[in-house]
Number of protein chains: 2
Amino acid sequence: MADYLAQDMRACNQVIIDRMQSPVALIPQLAAHLVAAGGKRLRPLLTLASARMCGYDNQDGKLRHVEIAACVEFIHTATLLHDDVVDESQLRRGLASANAIFGNKASVLVGDFLFARAFQILTADASLDVMAILSAASATLAEGEVMQMTTQNDLSTSVDQYLQVIYGKTAALFAAACESGAVIGEATPEKREALRVYGANLGMAFQLVDDALDYAADQAVLGKEVGDDFREGKVTLPVLAAYEAGSEEDRVFWRRVIEDCEQTPEDLDAALARIAATDAIATTLAKAEDYAAKAREALAIFGDGEIKSLLIETASYSASRAS
Amino acid sequence: MADYLAQDMRACNQVIIDRMQSPVALIPQLAAHLVAAGGKRLRPLLTLASARMCGYDNQDGKLRHVEIAACVEFIHTATLLHDDVVDESQLRRGLASANAIFGNKASVLVGDFLFARAFQILTADASLDVMAILSAASATLAEGEVMQMTTQNDLSTSVDQYLQVIYGKTAALFAAACESGAVIGEATPEKREALRVYGANLGMAFQLVDDALDYAADQAVLGKEVGDDFREGKVTLPVLAAYEAGSEEDRVFWRRVIEDCEQTPEDLDAALARIAATDAIATTLAKAEDYAAKAREALAIFGDGEIKSLLIETASYSASRAS
């Protein structure tokens, strides 16, 4: 990574720590639990890289790209906290989830605090364009999560509906992270649109691979528990593909475990075996690769350079991390 | 109420209904449950009245005051939805809570949607001052709710800490609702500050009375279940005053039911009797009346008129509705 980008990331971490402070001690305590867990910080990196690639040089002395990147991470962290409440996830980034330690109540409220704080920072930055992008993405995110909820346990969900869900819950914020950076970098409308398209497609690839990993990951390596989606009855592409390709006996199995939520302790292994017996994972990863290719193509408008290479590698890595 | 203010309120209801729409059907369904319940809409009324009193005449053809008032109600509704998750309230405005019908998950996510939508509307309105006021109030609101959580079940909570909690969870948004209206009405800094102070004190009075009603209200009349706070072990002024004034035997009782959360079905009646045997309710209502008086005094800077009278009556009513 370019030195100045690594420096931007450190500055962003500092802004995150500084701005999650509150006289109400439980707020930084709980927020620190997620921050210290050291997620990938992929979304703020996208904002920083996009701003830099569009020529933002912080000659204004304001580090606007760093502030906006921290907002993007706050919005993401708020959704993680609220998602923990919702999904009763047991593991998040390899540590016990904040919810398991602090309870539903604190997770909801600290998420709300981070979301409000993000909009305080955005207001101080004063770019109406960036605020429009990030408030719209936040609404789309909530819509995607609600839609995911309504497709849960429903095997008649179409692949298109599934793709709409992952656009809302993941790709919209990736797109907004990149587009916000472009705005800060005063990009031309064409470059701004190119970065939005890059982010949206990267986000789709990222979520597809995440959904594949839920039926394939090595828990110790990835810090994600295999079978989370399965236990919650989430209808993701690996399940839809295995259901589609399965025998009548397979379908009876999937209907029982996903639609009726009747699961025995042996059912996860049975599900993994049924998925492995089809090309469900390959189908999912191939679709991820399609989106990653579109993400890379969107960057054609930019001249070659260190950051462009990084963004291209990010797209390739996102689509290949499962294999 | 002045005709134009009643018209503003109808326009605000319409904006609320229009802007809670989403292609994801569950969102307007759940939001409508709260909207149809027809709350008092006190907060948006404060924004509308403040804007009008400061001379906003919507000659810009934009109904900015109505849009901002709808945002205030969205932020409030989001916190109600999140509070339902948290507190397992059984009744809200006389109807079963949204959470009881739709579940934790939907309540969290639809609250998030309304919050994001509020900031979309604020961004379109483009007043950085209003955005600063409402994003700061939203952060304070979350802080107040977290602080309430940490004082729950703790009888060593001081009256000052309790007042900080109710400032955060209630008064901050009342203050922001009024101040936002003043900004829209292009008020002088003095009038803007006067309306902020009015709102803050009104909010304190309102919450004190609400906390008194929890140990005194007629459920059928007020749609609020007596004893909600009691069952949750919330440490409110009536409890603090009764604990302070009580005998050692009273204190043993309060420690068991509030601190240790050991409650039998008979304990609510016992608590009501112990509170009635002290001046706990009178103390709480007297404090509410002090804040209401400060709210009324803050309006001295404004000339007499229909709206000023309405705001003064609102303060008096808020402090007296329990008696």
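**Where chain B meets chain A**

**View 1. Charged partners at the interface.** Between chain B and chain A, the rule finds zero salt bridges (a side-chain nitrogen of Lys or Arg within 4 Å of a carboxyl oxygen of Asp or Glu). Six residue pairs, both at pLDDT 80 or more, are in polar contact across this interface (N or O atoms within 3.5 Å, one able to donate a hydrogen and the other to accept it; residues adjacent in sequence count only if both atoms are side-chain atoms).

This is a predicted model, where local features need pLDDT of at least 70, side-chain atom pairs count only at pLDDT 80 or more, and totals for chains, interfaces and linings use all residues. Residues are numbered from 1 along each chain as its sequence is written, chains are lettered from A in the order in which they are written, and side-chain values use heavy atoms, leaving out hydrogens and water.

**View 2. The buried area.** Chain B and chain A bury about 3400 Å² between them, with 79% on carbon and sulfur atoms (accessible area, 1.4 Å probe, lost on being put together and summed over both). More than any other three residues, B:Lys105, B:Leu109 and B:Glu143 contribute to what chain B buries against chain A, supplying 18% of that area.

**View 3. Two copies, one axis.** A rotation of 180 degrees with 0.0 Å of shift along its axis brings chain B onto chain A, with RMSD 0.0 Å (least squares on C-alpha atoms of residues with pLDDT of at least 70 in both). The two copies are thus related as by a two-fold rotation axis. The same surface serves both, as 100% of the contact residues of chain B recur in chain A (contact means heavy atoms within 4.5 Å).

Methods: Buried area is the accessible area (1.4 Å probe) that two parts lose on being put together, summed over both.
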